[in-house]
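Here is a short report to read alongside the structure. It looks at a pocket and then at a pair of helices.

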Amino acid sequence: MSSAGTGLDRAIGAELDGLREAGTYKRANVLRSPQGPVVEMEGRGEVLVLSSNNYLGLADRREVVEAGIDGLRRYGAGTASVRFICGTFEPHLELERELADFSGTEAALTYVSCWNANEAAIPSLTDESTVILSDALNHASIIDAIRLSKPARKVIYSHSSMDELRAGLESCEPGQRKLVITDGVFSMEGDLARLPDIVELAREHEAVVLVDDSHGTGVMGKTGRGVAEHFGLLGDVDVITSTLGKALGGAAGGYVAASEEVCDMLFQRSRPHLFSNALPPTVACSALEAVRVLRREPQLVERLHAITASFRSRLRERGFAPLDGEGAIIPIIVGETAFAIRFSQRLLEEGVFVTGFGFPVVPEGTARIRVQMSAALEDEHLDRALDAFERVGRELGLI
Ligand SMILES: Cc1ncc(COP(=O)(O)O)c(C=O)c1O
């Protein structure tokens with residue numbers, strides 16, 4: 001080994017030791033069964049999952065899995081190409097038509113992740129005159145996508161501050177393109193973007209609205225079409241980005257849903273589309289089936305809404321103070337990072353998998369336990385989870 005390599009390893013080793021000492025070193029919990037309400041976890045046996053993005057329980061749904069297997073047989077393992085060379089397969093187009101219709105837009109374009117979709121859309125929609133206005137709590141993929149863009153100016157407004165957004169829009173010069181970017185459901189707070197206000201302000205100032213609805217797709221609105229449906233604004237959001245890796249089957253993949261012109265321009269210009277392989281057809285097939293299951297069974301969304309509301313109020317009855325919210329994310333602020341990690345470890349020992357998040361993912365002193373609901377959780381699972389919460393909450397003095 002070269003001395004430079006050894007030096008690098010030593011420096012990185014010291015950094016990793018720092019993470020271990022701070023109690024923030026991450027270890028993987030290995031699953032031996034499909035993602036579901038109950039999984040088989042290496043070294044722990046059967047564990048209840050209240051921390052996945054499998055909001056509708058479609059990750060191991062028979063039809064979704066079989067559609068993927070069928071896709072694998074018909075189209076092989078992958079595209080072996082980018083989309084515009086020879087990497088566009090029939091299921092890509094079928095899925096994109098379905099996603100556009102589902103999102104209330106003219107068109108859609110898929111990517112291998114929503115991370116990629118954001119990194120495609122945001123720089124491509126930014127020209128040298130553009131002012132980007134972005135919520136301070138937007139997802140990391142939006143933050144990185146903005147870093148890759150070359151706008152005239154950026155305005156990062158405090159979380160959901162419509163006053164700051166208005167002031168930012170008012171500070172723009174005539175003729176500048178204004179791009180307002182927000183998460184639909186904020187992943188660490190579980191709250192929703194103030195979409196009616198954002199859309200109204202954008203109309204007043206002729207701004208473009210981009211909503212990343214990764215945690216809203218399949219979750220918000222009566223039929224799971226996202227925060228736009230929740231607020232009665234389907235068709236009023238210019239650009240929606242979202243993931244296929246959460247409610248819509250959970251495999252991987254993302255998309256941009258927008259006008260024909262925007263999607264065509266992304267096809268022509270967006271770098272993740274031009275320089276990276278397309279979504280494997282097998283994933284496109286299973287995601288397409290996931291959207292179809294959701295259309296056939298809106299009762300999955302109804303159940304998700306019902307159990308989320310009831311779990312939140314039952315946590316309160318047992319002495320916890322979960323944050324308010326309407327999505328399927330229920331954060332419980334516990335204070336220090338080490339405490340959040342200890343709490344989630346104790347819950348796991350009790351057979352309930354819920355992740356604790358601390359600094360630097362969330363501000364110091366606001367570490368939290370993030371509960372995520374899934375329509376696949378049965379009443380008995382929820383009772384069991386609440387009992388474990390109460391036991392651990394009492395033991396650690398949180399309640
Ligand atoms: C708001 C938001 N955007 C984007 C992503 C990334 O999605 P993907 O896993 O499809 O890259 C996530 C995932 O955590 C997210 O929460």
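## Lining of the second largest pocket

Helix 5 (114–124), helix 10 (260–269) and helix 11 (271–275) each give at least two residues to the lining of the second largest pocket. Helix 5 provides the largest share, five residues. Helices here are DSSP runs of H or I with at least four residues, numbered from the N terminus.

The pocket holds about 340 Å³ of space, a volume being the space filled by probe spheres set on the grid points. Among its 13 lining residues, E119, P123, S124, R269 and R271 are the closest to its centre. A pocket is an open set of points on a 1 Å grid where a 1.4 Å probe fits, with protein on both sides within 12 Å along at least five of seven lines; lining residues have an atom within 4 Å of a point. By class, the lining has five nonpolar, four polar and four charged residues (Asp, Glu, Lys and Arg count as charged; Ala, Val, Leu, Ile, Met, Phe, Trp, Tyr, Cys and Pro as nonpolar; the others, Gly among them, as polar).

## Helix 2 against helix 12

Helix 2 (residues 62–75) packs with helix 12 (residues 281–296) at an angle of about 150°, their axes 7 Å apart. Axes are lines fitted to C-alpha atoms over the stretch in contact, and angles run from 0 to 180 degrees between N-to-C directions. The two helices are therefore roughly antiparallel (over 145 degrees).

## About the model

This is a predicted model, where local features need pLDDT of at least 70 and side-chain atom pairs pLDDT 80 or more, while totals for chains, interfaces and linings use all residues. Residues are numbered from 1 along each chain as its sequence is written, and side-chain values use heavy atoms, leaving out hydrogens and water.

Terms used. Angles under 35 degrees count as roughly parallel, over 145 as roughly antiparallel, 65 to 115 as roughly perpendicular and the rest as oblique.
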